[in-house]
Amino acid sequence: MKLLISILGKATGYLTLVVVLIAAVLHYLDYSEPGALPSMAVNMESLEEDFRQQNKSCFILGATGETGRLLLKELLDRNLFAKITLIGRREVTFEDKAYEKLIQEVVDFEKLEDHAPAFQGHDVGYCCLGTTKAKSGAEGFVRVDHDYVLKSAELAKAGGCSQFHLESSKGADKGSSFLYLKVKGQVEAEIEALGFDRLSIYRPAVLLVERQESRPGEWMARKVLSSCSFMFPSMSVPIQAVTRAMVSNTVLKPEHPTEILENKAIQTLGASPTK
Ligand SMILES: NC(=O)c1ccc[n+]([C@@H]2O[C@H](COP(=O)([O-])OP(=O)(O)OC[C@H]3O[C@@H](n4cnc5c(N)ncnc54)[C@H](OP(=O)(O)O)[C@@H]3O)[C@@H](O)[C@H]2O)c1
Ligand SMILES: *[C@@H]1O[C@H](CO)[C@@H](O)[C@H](O)[C@H]1NC(C)=O
């Protein structure tokens, strides 16, 4: 009996060691991933102030979603824009006074051409639109994540928008054999071809958020991921980091007209509270 316990004890010890070693290797691989931003030597606050002085306007697509809602809150908190327009398929009511100044444009995404004026006169556009195959079927997914997103970007560009910020996904690749990643990669490339003065593409991994609607599978995945996110930082990202990164990045000057922020860069930029 004693012998058995001692063997078991040793086995558990070895197993723990192996798990820790694997975790360490994965951790190392995560952090050697390219695409991290240089540490921010710039003074965020003064950049934000300069930006604020320009009375710019922006629109948000998908402001009723998990990312969009938080992005809107972050934009209001940091007060970067003189005017914020929400473009969506339904009107939303807000209790908070901070939301009073918002403009809402309700559009029919199947007839976006008819709503061209809604997309006119914005300096910056943010897109957090999206659905899933599970929710809308494969065809519905392509319609939203590709057709609606691309058309909106086209109308925005035609309407004078100079900066477009697109929430895409980790692994987006137009050559992928997975529909999700392929569509994300395609829409990235097609929007790049529109020639915005500036296009910022964000590729977050699994978003860590307490989702309002219930998706049991995702909920389990999030629980597991968030509890070991310190070991596997490239597999997930807190949703606040994504929205903070999107807002901070808006006032930074990119090196190239198109920039891609991978999960690591989002974590770096989104980690620093700027206030
Ligand atoms: N969830 C993740 O872990 C994850 C990871 C990486 C990347 N992403 C990507 O990040 C983006 C945002 O994700 P999220 O989880 O924040 O999204 P979400 O909570 O599901 O919100 C989606 C937004 O898109 C709108 N929308 C969906 N279907 C629509 C339709 N048929 N017509 C018009 N509007 C429609 C929704 O409007 P209503 O409120 O009116 O439905 C909502 O505002 C998506 O592109 C997603 O693929 C997500
Ligand atoms: C921005 O708005 C303020 C207040 O309405 C005004 O004083 C200022 O001149 C405007 N700045 C620009 C660059 O338009």
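This tour moves through the structure from the whole chain to the ligand and then to the nonpolar cores.

The model is predicted, so to speak of local features a pLDDT of at least 70 is needed, side-chain atom pairs count only at pLDDT 80 or more, and totals for chains, interfaces and linings use all residues. Residues are numbered from 1 along each chain as its sequence is written, chains are lettered from A and ligands numbered from 1 in the order in which they are written, and side-chain values use heavy atoms, with hydrogens and water left out.

**Whole protein.** Begin with a cartoon view, in which eight helices and nine strands can be picked out; helices (H or I, at least four residues) and strands (E, at least two) are DSSP runs numbered from the N terminus. Of the 275 residues, 42% are buried, meaning under 20% relative accessible area with a 1.4 Å probe and protein chains only.

**Ligand 1.** Next, select ligand 1 and the 26 residues around it, of which Thr 64, Glu 66, Thr 67, Arg 89 and Arg 90 come nearest; a residue belongs here if one of its heavy atoms lies within 4 Å. Show the polar contacts (pairs of N or O atoms within 3.5 Å): a polar side-chain atom of Thr 67 is 2.6 Å from an oxygen atom of the ligand, while for Tyr 180 and for Lys 184 the corresponding distance to a ligand oxygen atom is 2.8 Å. The protein buries 86% of the 910 Å² that ligand 1 exposes when taken alone. Colouring by element, you will find that H3 (66-78), H4 (133-158), H5 (179-193) and strand S7 (206-208) each give two or more residues to this shell, with H4 giving the most, four residues.

**Nonpolar cores.** Now select Ile 60, Leu 71, Leu 75, Phe 81, Ile 84 and Tyr 126, the residues with the most contacts inside the largest nonpolar core, which has 33 residues; such a core is a set of buried Ala, Val, Leu, Ile, Met, Phe, Trp, Tyr and Cys residues joined through side-chain atoms within 4.5 Å. Among the elements supplying at least two residues are helix H2 (44-53), strand S1 (57-61) and helix H7 (239-251), and H7 gives the most, with seven. Centre on Ile 84, which touches residues including Cys 58, Leu 72 and Leu 102, where contact means heavy atoms within 4.5 Å. Finish at a second, separate core of 25 residues, which includes Leu 112, Ala 118, Val 144 and Leu 150.

Methods:
Polar contact = N/O pair within 3.5 Å; in protein donor to acceptor, adjacent residues only side chain to side chain. Areas by Shrake-Rupley, 256 points an atom, 1.4 Å probe, with all protein chains shown as cover. Buried < 20%, exposed > 50% of the residue type's maximum accessible area, 1.4 Å probe, protein only. Lists of a residue's contacts leave out its neighbours within four places in sequence.
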